[in-house]
Every structure is written in structure tokens, then in C-alpha cells.
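Here is a short briefing on one protein chain. Read it with the model open.

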Amino acid sequence: MRSVKTGPRRPNRRLGALTALVLLASSCASVPERRPPVLGGVAAGEAAELVRRWEREWQAFSGLRAAVDLTVVRQGRAQRSAGALLVSPTRLRFEAISPLGLPALIVTTGPESLTIYSPTERKAWRARPTPESMNRWLGVPVRPETLIRLLAGHVPTPPPGVAVRVAEDRGAHIVFEADGARQRVWVTAEGQPARLQLENGERLTVTFERALGGGLQELVVEAPGRSLEAHLRYVSGENMAPPPDAFELPIPPGVPIEAVD
């Protein structure tokens, strides 16, 4: 997202469909160059208000549409795919695009279900949208609503009354509990999330690379325990409220849908 204001095989359940999605219609790629985010300081007396500001900004979010490049690195091997991303505050849709410009795999998720459809294989899978199924199929052990916030450049915020503090180790950052996980957030000089570390039995690190105006340019997700790293680069994007039917994924007649709960 440039300063936006605000291949055919059943997905491997061990690796997660996020990795398999890239392998479906991808080309080999080099490991993307990592650029550390520009971090700012956080004063103890400012942390709670900063978190409240993030929640207000999230409440004002209506959705986005973006063209993206997705590179997944596993055990040093990188695979790359182009894709189309559509996000609302509660739902997301991702299409991996084949070299011929056709959808190779479509993923939708929201409060009711997680659905994965392979047009080339003429198969579909459906699961409840739990952190376990998100981890199993997308390789990201978080709730759909958490993933949606991350894709939009936001972080989950704690419920009212939950303590927010500043830790000084590894650079001053904000610490709180939200969505059943301890969250550590390092911020930019402008007070935007720059890096998020989720700790809920395993560690997941999310780095936000932003343009000078604050727009999200790249999202990097690292799961060291799974030797998995995903780079989502925003080629273009716009803030917009997607119509609800944009997230519908009708499965053609004759295509079996396997329940994987």
C-alpha cells in the first residue's frame, strides 16, 4: 500500500496453507531484504493514551482493497506469488493469482468460517475460524480478527481496564494482554505500531514497514518455532468499505467441500 491513508496441490496441513498457497502458483524468489523499522520512544505516562488512540483509529477503519506480493520463506527457501487482498473490519478475502492471471487459490474468513477453494483442483475445505484452524491452514496462530487488524496495519488493543505498561528491555515498548496473549508493541516516532510480538505459548513477531506518511508498505510475519517467515508487500491499495457480498465464496456445484474441524 503506497501511502494509503488511514500452485495446484491440496494445502499441506503441516506447513499451513499460507505456505502452500505460495507454492500453488509461484516462482522462486530471493529472500527479501530486511530493513529494521524506525523506532521511537514511549514514556510511561503516554502508553495508555497511545493505546486508546490506536483503538479510535481502528474504529474509524472501514476496509481496504490491495494488490500484494506474498513471499514465504521456509528453511531458507523463498517462494513468491502475486495476490489480491480485500479486508473489512471483520472479514478478509485473499486470492493467489497464477502466472496466467487466474485465481489459483481463494481464502476467505470471518466470524462464521474459514473457507479455502482451489479452482484448479476443484476442491474446497471449510473450518471454524479458531486460532487452531488459522494456524493449521494459514500458518498464523491468531484469531481472524487479529489477522485482519495486522493486515490493515493495526494491532489488537486490550479491553478497558486492562493494565498497560512500558517495558525498557530491548528498547522502550508497550506491554499488555489482549486476545489471550501477551503483546509487546514497539512504536514509530509518530506513535504508530512498528513491531508487534505476540506470546501465547509460541512467539509470533510482526513488523510493519511504513512510508513517510504512515501508510503500510510491507508486513513481515515471523514464526521462529515453525521456521516460517512471510513478507506481504503492498503494491497498490485504497481504503474503501467493501460490500458484504465481496466476501462470499460460492463453491461451484459438483465441487466437494471437506470439513476439517
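A residue is called buried when its relative accessible area is under 20%. The model is predicted. Its mean pLDDT is 84, and 85% of the residues reach 70 or more.

**Confidence**

- Residues 1-15 have pLDDT below 50. Beyond near neighbours in sequence, that stretch still has 47 contacts in the model.
- Residues 21-25 also stay under 50 in pLDDT. The model gives them 26 contacts beyond four places in sequence.

- Strand 6 spans residues 114-118, and five of the five are buried, so the strand is largely enclosed by the rest of the structure.
- Cover is found on both faces of strand 6. Leu114, Ile116 and Ser118 are buried on one side. Thr115 and Tyr117 are buried on the other.
- Strand 5 (residues 103-109) runs antiparallel to strand 6, and four bridges join them. Thr109 has Leu114 as its bridge partner in strand 6.
- Four residues lie between strand 5 and strand 6, and the two strands form a hairpin.
- Strand 7 (residues 123-127) pairs with strand 6 over five bridges, in the antiparallel sense. Here Leu114 stands opposite Ala127.
- Strand 6 and strand 7 also form a hairpin, with four residues between them. Arg122, in that turn, has a positive phi of about 55 degrees.

**Helix 4**

- Helix 4 covers residues 144-151. Seven of its eight residues are buried, so the helix is largely enclosed by the rest of the structure.
- The buried set is Pro144, Thr146, Leu147, Ile148, Arg149, Leu150 and Leu151.

**Nonpolar cores**

- In soluble globular proteins, nonpolar side chains tend to be buried together.
- The largest nonpolar core here has 56 residues. Leu85, Leu151, Leu232 and Tyr234 have the most contacts inside it.
- A second, separate core has six residues, including Ala124, Leu249, Ile251 and Val255.
- Leu85 touches Leu151, Leu232 and Tyr234, among others, when its neighbours within four places in sequence are set aside.

- Arg184 sits in strand 10 (residues 181-187). Its relative accessibility is 10%, so Arg184 counts as buried.
- A polar contact of 3.5 Å links the side chains of Arg184 and Glu199.
- Beyond four places in sequence, the contacts of Arg184 include Ala167, Asp169, Arg170, His173, Ile174 and Val175. Arg195, Leu196, Gln197 and Glu199 are also among them.
- His173 belongs to strand 9 (residues 173-178). At 0% relative accessibility, His173 is buried too.
- A polar atom of the His173 side chain lies 3.3 Å from the backbone oxygen of Asp169.
- Leaving aside neighbours within four places in sequence, His173 is in contact with Arg165, Val166, Ala167, Arg184, Val185 and Trp186.
- His173 and Leu196 are 23 residues apart along the chain, and their C-alpha atoms are separated by 9.6 Å.

Key. Residues are numbered from 1 along each chain as its sequence is written. This is a predicted model: local features need pLDDT of at least 70, side-chain atom pairs count only at pLDDT 80 or more; totals for chains, interfaces and linings use all residues. Side-chain values use heavy atoms; hydrogens and water are left out. Buried means under 20% relative accessible area, exposed over 50%, partly exposed in between (1.4 Å probe, protein chains only). Two strands pair if DSSP finds at least two bridges between them. A nonpolar core is a set of buried Ala, Val, Leu, Ile, Met, Phe, Trp, Tyr and Cys residues joined through side-chain atoms within 4.5 Å. Contact means heavy atoms within 4.5 Å. A polar contact is a pair of N or O atoms within 3.5 Å; within protein, one must be able to donate a hydrogen and the other to accept it, and residues adjacent in sequence count only if both atoms are side-chain atoms. pLDDT is the predictor's confidence in each residue, from 0 to 100.
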